[in-house]
Amino acid sequence: MKPRSTERGSSCVNRRRTGKPPAFLYCPFSLIMSEDFALEAGRLRIAGITPYTSLDYPGKFAAVAFLQGCPWRCLYCHNPFMQPREFDPHYVHSSWEELVGLLKRRRGLLDAVVFSGGEPTLDAALPAAAQAVKAMGFAVGLHTSGCYPEHLQKVLPYVDWVGLDIKASLHDKQAYRYITGLSKSDPADHALHALKLIQAAGVDYECRTTAHPAYLPDEKVLGIAHELLELGVKKFALQVYRAPKELNLPFPNVGYEYPQAETVRQLQSLFPCFELRRG
Ligand code: SF4
């Protein structure tokens, strides 16, 4: 994820602070839901909103709400300002009310809302917000690294599609720790647990991996693909690492020589649905 755009494609509308607060709109859910419920959804911490994208939820036009906070510190994170739970004072953040206002205006134009981040399952208000979005008639998408399986379980009943990040081999705890910047916990276990929960819930999903030859040479990419295949994954996307100019990321951009054409061919033959994403 990145400061103004995500590793998943769309742009995050984060505005430099100008002194003007964002417009706060009233919440129509108070009319159709209990006050407590609307209050809970209203606690969602939204760092920014992409009002319209066709890239973040396959086959749907969606708005994306980027939620503040993530416990991981991935080497290639495009949204480091979203890692702390507190909003970055340099940016004007968004709000639940702003999202609701957008959905009211875009009814008929948008199919779905994607909750992204940061790590959206960190936010305790997510299940209420997902229910509220569904009650408005929109599909709910979720981008997650799977770092909170128990939180994920609570929101899955209200989710229609999940994009689950697989950072490295699920059997390689060291590699997972290296990429996520964690030294003690086992993020690979969490991601595997999350995958199993998503499968058990019967929710449509894809697994995706952000890859650079420095930490995922072609043979490792294929290793991850075979692991996922054995776990029953049908949809896989390989997202080639990209280093935006404004971020000081540790690896340079790579050319079209990565991944090799033979690797792409194998990935295409392994999965019923495979996508190579660049840029
Ligand atoms: S999971 Fe990693 S890439 Fe995503 S927001 Fe957290 S640190 Fe950034």
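Does proline 84 count as buried or exposed, and how many C-beta neighbours does it have inside 10 Å? Let's start there and then walk through the rest. Proline 84 counts as exposed, because it has 12 C-beta neighbours inside 10 Å, and a residue is called exposed if that number is 12 or fewer. You will find proline 84 in the loop between β3 and β4 (91–92). Its C-alpha atom is separated by 6.5 Å from that of cysteine 70, a residue 14 places away along the chain. Keep in mind as you look around that this is a predicted model.

Now step back to the whole chain. The protein chain has nine helices and 10 strands. Of its 279 residues, 44% are buried. Take the contacts between residues at least 6 apart in sequence: 73% of them join residues at least 24 apart.

The ligand is surrounded by 13 residues, and the closest are Cys70, Trp72, Cys74, Cys77 and Ser145. Sorted by class, this shell has six nonpolar, five polar and two charged residues.

Next, look for the sheet. Eight strands form an open sheet in the order β2-β3-β5-β6-β7-β8-β9-β10, and their pairing is mixed. β2 (46–53) and β10 (273–277) stand at the edges with a single partner strand each, so one side of each has no neighbour in the sheet. From one strand to the next, the twist averages 20°. Helix α3 (residues 96–105) packs on the sheet, where it touches β2, β3 and β5. The direction of α3 makes about 15° with that of β2.

We can follow the sheet strand by strand. Strand β3 (residues 62–67) pairs with strand β5 (residues 112–117) in the parallel sense, over six bridges. Here alanine 63 has valine 113 of β5 as its bridge partner. β5 pairs in the parallel sense with β6 as well, over four bridges. Strand β6 (residues 139–144) is mostly covered, with five of its six residues buried.

Arginine 208 has alanine 237 of β9 as its bridge partner. What about β8 itself? Six of the eight residues of strand β8 (residues 204–211) are buried, so the strand is largely enclosed by the rest of the structure.

Let's turn to a pair of helices. Two packed helices are described by the angle between their axes and the distance between the axes. The axes of α8 (residues 218–230) and α9 (residues 261–270) come within 10 Å and cross at roughly 5°. That angle makes α8 roughly parallel to α9, because angles under 35 degrees count as roughly parallel. On the α8 side, the contact is made by Asp218, Val221, Leu222, Ala225 and Leu229, and on the α9 side by Thr263, Gln266, Leu267 and Leu270. By class, the residues of this contact divide into six nonpolar, two polar and one charged.

Threonine 263 sits in helix α9. Not counting residues up to four places away in sequence, threonine 263 touches Asp218, Val221 and Leu222. The C-alpha atoms of threonine 263 and leucine 222 are separated by 7.1 Å, although these residues are 41 places apart along the chain. With 19 other C-beta atoms within 10 Å, threonine 263 is partly exposed, because a residue counts as buried at 20 or more.

Finally, look at two peptide bonds in loops. A cis peptide bond joins glycine 117 and glycine 118, with omega about 20°. Glycine 118 lies in the loop between β5 and α4 (126–135). The peptide bond from tyrosine 258 to proline 259 is also cis, with omega near -10°. Proline 259 is in the loop between β9 and α9.

Definitions and conventions:
Residues numbered from 1 in each chain as written. Predicted model: local features only at pLDDT ≥ 70, side-chain atom pairs only at ≥ 80, totals over all residues. Contact = placed C-beta atoms within 7 Å. Axes fitted to C-alpha atoms, helices over the stretch in contact; angles between N-to-C directions. Parallel < 35°, antiparallel > 145°, perpendicular 65-115°, else oblique. Nonpolar A, V, L, I, M, F, W, Y, C, P; charged D, E, K, R; others polar. Near = placed C-beta within 6 Å. Pairing = 2+ DSSP bridges.
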